[in-house]
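Here is a short briefing on one protein chain. Look at the sequence and the 3D view, then read the points below.

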Amino acid sequence: MSNTSAAPKRPTLLLPILAFGLHALRAFVICPLKVQVNTNIVYMTTVWPVVLDVLADLLQMAVIYIAFAFILETFFHQGFHRAMPLILGYIGAFVFGAAANLVMDVTVGGGGEYFVYLLFPTLAGIGQELLQLGIVLIIARIIKFQDIGPVSPPEKIFSAHNGLQLSALCAAGVTALFRLTARIIYDIDLGLPASAAETVEMVSGYAGDLLIPALGYMGVILLLMRGGTKAAE
């Protein structure tokens, strides 16, 4: 079975521009807003802190899934060598995002005296992103060289017989696994919920950790479908 097909043409700089732009929006707009809301007695007890937290999370995950769509598409159609600039651009973007968030926490957030304590989670976050990306690339390489189905643009939301689509599904599974693992560690440290409200909050957290990767997967598939449409034209 052949793993060749017409490769959709996307500008190489499009991914870094989107990734750096979304990370900049998260660090330089959402972060200061979160500080203002969380320190303002009028807003700190409203829904706005939760809204901004969710928005910051969604922006970060959007970068991840857009990057996976571009990288996997290029890797399967044109090889690892052509995908490398996208991989490096994505790595540069999340390192920039992590550093920008640290700077904003230290300056706007007033956490200068806690810089050393803030530095460790920042480095841990970068390490997690690298590990996550590495696992996704290893899985994609295995699927590609095992020749698991064609790598044509997806024609439906799910298919285990399309190597590119199967890699996208595995990538979403990896992000879900990382999110759930972090959630479990957090809940172990926090302890069992002491009220119905805390129970609902815990359950909704796990639901969100499954829903966001599911939506991310569908977003990746739509991007791949759109790329295939452009290639056909």
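The largest nonpolar core of this predicted model has 41 residues. L15, F68, I71, L72, F76, Y90 and L133 touch the most other members. A nonpolar core is a set of buried Ala, Val, Leu, Ile, Met, Phe, Trp, Tyr and Cys residues joined through side-chain atoms within 4.5 Å. Buried means under 20% relative accessible area, exposed means over 50%, and partly exposed lies in between (1.4 Å probe, protein chains only).

**The core**
- The elements giving two or more residues to this core are α1, α2 (48-78), α3, α4 (115-145), α5 (163-190) and α6 (196-232).
- The largest share, 13 residues, comes from α2.
- L15 touches I66, A67, F70, I71, L86 and Y90, leaving aside residues up to four places away in sequence.
- Contact here means heavy atoms within 4.5 Å.

**Aromatic pairs**
- The structure holds six aromatic pairs.
- Rings of Phe, Tyr and Trp (its six-membered ring) pair if their centres lie within 6.5 Å; planes under 30 degrees apart count as stacked, over 60 as edge-to-face and the rest as tilted.
- F20 and F96 form a tilted pair, because their ring centres are 5.3 Å apart and their planes sit at 40°.
- This pair links distant parts of the chain: F20 is in helix α1 (residues 14-38) and F96 is in helix α3 (residues 80-107), 76 residues apart.
- F20 has 33% relative accessibility, so F20 counts as partly exposed.
- F96 has 28%, so F96 is partly exposed.
- Y90 and F94 make an edge-to-face pair, because their ring centres are 5.3 Å apart and their planes are at 75°.
- Y90 and F94 are four residues apart in helix α3, so about one helical turn separates them.
- Y90 and F94 are buried.
- Ring pairs join Y65, F68, Y90 and F94 into a cluster.

**A charge over a ring**
- K144 lies over the face of F75, 4.7 Å from the ring centre.
- The rule: NZ of Lys or CZ of Arg is within 6 Å of the ring centre and within 35 degrees of the ring normal.

**The whole chain**
- The chain has six helices and zero strands.
- Helices (H or I, at least four residues) and strands (E, at least two) are DSSP runs, numbered from the N terminus.
- Of the 233 residues, 38% count as buried.

**How to read the values**
- Residues are numbered from 1 along each chain as its sequence is written, and side-chain values use heavy atoms, without hydrogens and water.
- In this predicted model, local features need pLDDT of at least 70 and side-chain atom pairs count only at pLDDT 80 or more, while totals for chains, interfaces and linings use all residues.
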